[in-house]
Amino acid sequence: MNSAEILLTWPEEAREAAQLVVDRYGEPDEAQPSQLVWFEVGEWKRVVATREFWEHQFPAPHHDSVESVIDYRVPPEMFSALAEFDGSVVARRTMGEMAATCHDEEANRLALNLAHEIVTGDRDVTDARAYYSTEFVDARRKAPTPYMEKLNFVQAGQTVDADIRTISELELQQAAKEGEA
């Protein structure tokens, strides 16, 4: 199935958002009835448009269904601040990724730029939410929206975080022996 055939079966809230991605990047690298996936397009590691959508009230009512993913290392102590900023921004520590899900990649760029500023300490959550709202309204006014135009940072270095081993090989072997007994 191509994307046009798949999108015909999707609810309008998700179809419209996915069509924007198809219009920009062409046919996806992977197409399933539930999602379309593009790899290494634009500045993104991955873009995923899903049939499923979520109602989101921040900063104004809309539907989230397009995820934009970048390689980015978020320190564990910053996860709560990102969740407080925007529930559609997620960090995947082990994979070394940060993603935003919204209606379009411009809003995802805005969210990720502000998330980066929270992580680096350049903004607090309150200021980031206020700026997000301002730029969201500016987009409707057709005013300049620098945080929606491009990612304003480069993530350098290793982003994956395999964490720290807490169980030794000896402990695992002993546990296996106990399990056999």
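Predicted model: local features only at pLDDT ≥ 70, side-chain atom pairs only at ≥ 80, totals over all residues.
Modeller: Residues are numbered from 1 along each chain as its sequence is written, and side-chain values use heavy atoms, with hydrogens and water left out.

Biologist: Why is Lys142 called exposed?

Modeller: Exposed means over 50% relative accessible area, buried under 20%, and partly exposed in between (1.4 Å probe, protein chains only). Lys142 has 74% relative accessibility and therefore counts as exposed. Its phi is near 65°, a positive value in a residue other than glycine.

Biologist: What makes E5 and E6 a pair?

Modeller: Strands (E, at least two residues) are DSSP runs, as are helices (H or I, at least four), numbered from the N terminus. Two strands pair if DSSP finds at least two bridges between them. Strand E5 (residues 89–92) and strand E6 (residues 97–102) have 4 bridges, in the antiparallel sense. Val89 stands opposite Ala100 in E6.

Biologist: What classes make up the lining of the largest pocket?

Modeller: Ala, Val, Leu, Ile, Met, Phe, Trp, Tyr, Cys and Pro count as nonpolar, Asp, Glu, Lys and Arg as charged, and the others, Gly among them, as polar. The lining has 5 nonpolar, 3 polar and 4 charged residues. Lys142 is one of the lining residues.

How values were computed. 1 Å grid on protein atoms, 1.4 Å probe; cavity = no way out; pocket = protein on both sides within 12 Å on 5 of 7 lines; lining within 4 Å.
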